[in-house]
Amino acid sequence: MIRAVIFDLDGVLVSTDDLHYRAWKQLADAEGIQFDRAINHRLRGVSRMQSLEIILERAARSYSPERKAAMADAKNAAYRDLLSTLTPADALPGADAMLSALQARGVKTAVGSSSRNASLILEKLGWSDRFDAVVDGNDIQHSKPHPEVFVLAAKRLGVPPAQCLVVEDAAAGVDAARRAGMAVFGIGTPDRLPGLIRLAPSLADVSVDDLLREG
Ligand code: B16
Ligand code: MG
């Protein structure tokens with residue numbers, strides 16, 4: 001029986017993809033590095049520094065660790081500026097209703113995100129107090145696909161991993177959930193989440209009964 005649902009944040013509850021893309025694009029353009037939306041898709045669920053390494057695969061020169069840290073900081077400053085425009089209307093379709101339906105049934109809810117900006121995003125959505133637990137990039141040593149973020153969320157919820165369901169939009173997050181010993185429901189299309197049987201285009205396309213169904 002599923003007693004808790006752990007939601008990924010970016011791409012499941014809120015669409016920040018475009019904001020990440022615009023902030024990375026500014027940096028890539030300034031450095032003369034090719035960067036497009038297909039490459040941006042590879043950054044889903046991946047930590048900030050790992051994202052930078054993926055972007056730098058196309059760089060013509062090498063960068064020192066100090067320069068890389070400065071680039072990641074510059075991207076984050078641009079990203080946080082863009083996040084300041086986020087409003088409750090930026091919650092993805094079905095997210096608000098699904099949270100209410102789960103909470104009405106007494107199912108615990110948590111956020112399990114790689115982002116170090118999760119608390120700002122939740123504040124902008126008006127959801128700072130909406131979850132029983134929030135675990136984000138500031139709480140963990142190892143980013144997805146390492147299971148740490150979901151294992152810690154289950155611990156904070158006081159629910160065994162086998163009774164937790166993870167909702168994810170990224171392959172790295174699906175791997176992390178499986179390694180944590182949790183059931184997974186995907187948000188997205190089969191081409192983006194290969195090998196996942198239980199998935200829907202958005203939370204608006206799945207009922208609470210279907211989400212909690214085991215299989
Ligand atoms: P930040 P999630 C992830 O969040 C994003 O999907 C990923 O694109 C981003 O690089 C990562 O957070 C780190 O974000 O730079 O804000 O710390 O999908 O795990 O909620
Ligand atoms: Mg995500």
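Val-14 has a relative accessible area of 0%, so I noted it as buried (buried means under 20% relative accessible area, exposed over 50%, partly exposed in between, with a 1.4 Å probe and protein chains only). I found Val-14 in the loop between E1 and H1; helices (H or I, at least four residues) and strands (E, at least two) are DSSP runs, numbered from the N terminus. Leaving aside neighbours within four places in sequence, Val-14 is in contact with Leu-9, Leu-86, Asp-90, Leu-92, Ile-121 and Leu-125, where contact means heavy atoms within 4.5 Å. Val-14 and Asp-90 are 76 residues apart in sequence, yet I read 6.1 Å between their C-alpha atoms.

**Ground rules**

This is a predicted model, and local features need pLDDT of at least 70, side-chain atom pairs count only at pLDDT 80 or more, while totals for chains, interfaces and linings use all residues. Residues are numbered from 1 along each chain as its sequence is written, chains are lettered from A and ligands numbered from 1 in the order in which they are written, and side-chain values use heavy atoms, with hydrogens and water left out.

**The metal**

Which residues coordinate the magnesium ion (ligand 2)? I found Asp-8 (OD), Asp-10 (O) and Asp-169 (OD), at 2.0 to 2.2 Å. Donors are N, O and S atoms within 2.8 Å of the metal (3.2 Å for Na, K and Ca); water is not among the atoms, so sites may look incomplete. The donor residues of this ion are spaced D-x1-D-x158-D in sequence. Asp-8 sits in the loop between strand E1 (4-7) and helix H1 (17-31), and Asp-169 in the loop between strand E4 (164-168) and helix H8 (171-179), 161 residues apart. Asp-8 is buried, at 3% relative accessibility, and Asp-169 is buried at 5%.

**Strand E4**

I looked at E4 next: five of its five residues are buried. Cys-164, Val-166 and Glu-168 point one way, Leu-165 and Val-167 the other. E1 and E4 run parallel, joined by four bridges, and I count two strands as paired if DSSP finds at least two bridges between them. Four bridges also join E4 to strand E5 (residues 183-187), again in parallel. Val-167 has Phe-185 as its bridge partner in E5.

**Helix H1**

H1 has 15 residues and reaches 21 Å from its first C-alpha to its last, close to the 21 Å expected at 1.5 Å a residue (the expected span is 1.5 Å times one less than the number of residues). Its buried residues pack against helix H2 (37-41), helix H3 (48-56) and helix H4 (65-83). Gly-32 follows H1, with a positive phi near 70°.

**Salt bridges**

How many salt bridges does the structure hold? I have 15, each a side-chain nitrogen of Lys or Arg within 4 Å of a carboxyl oxygen of Asp or Glu. Arg-44 forms one with Asp-17, the closest N and O atoms being 2.5 Å apart. Arg-44 lies in the loop between H2 and H3 and Asp-17 in helix H1, so the pair ties together parts 27 residues apart in sequence. Both Arg-44 and Asp-17 are buried. Arg-44 also forms a salt bridge with Asp-169, the closest N and O atoms being 2.4 Å apart. I also noted that Asp-8, Lys-144 and Glu-168 are linked in a network of salt bridges.
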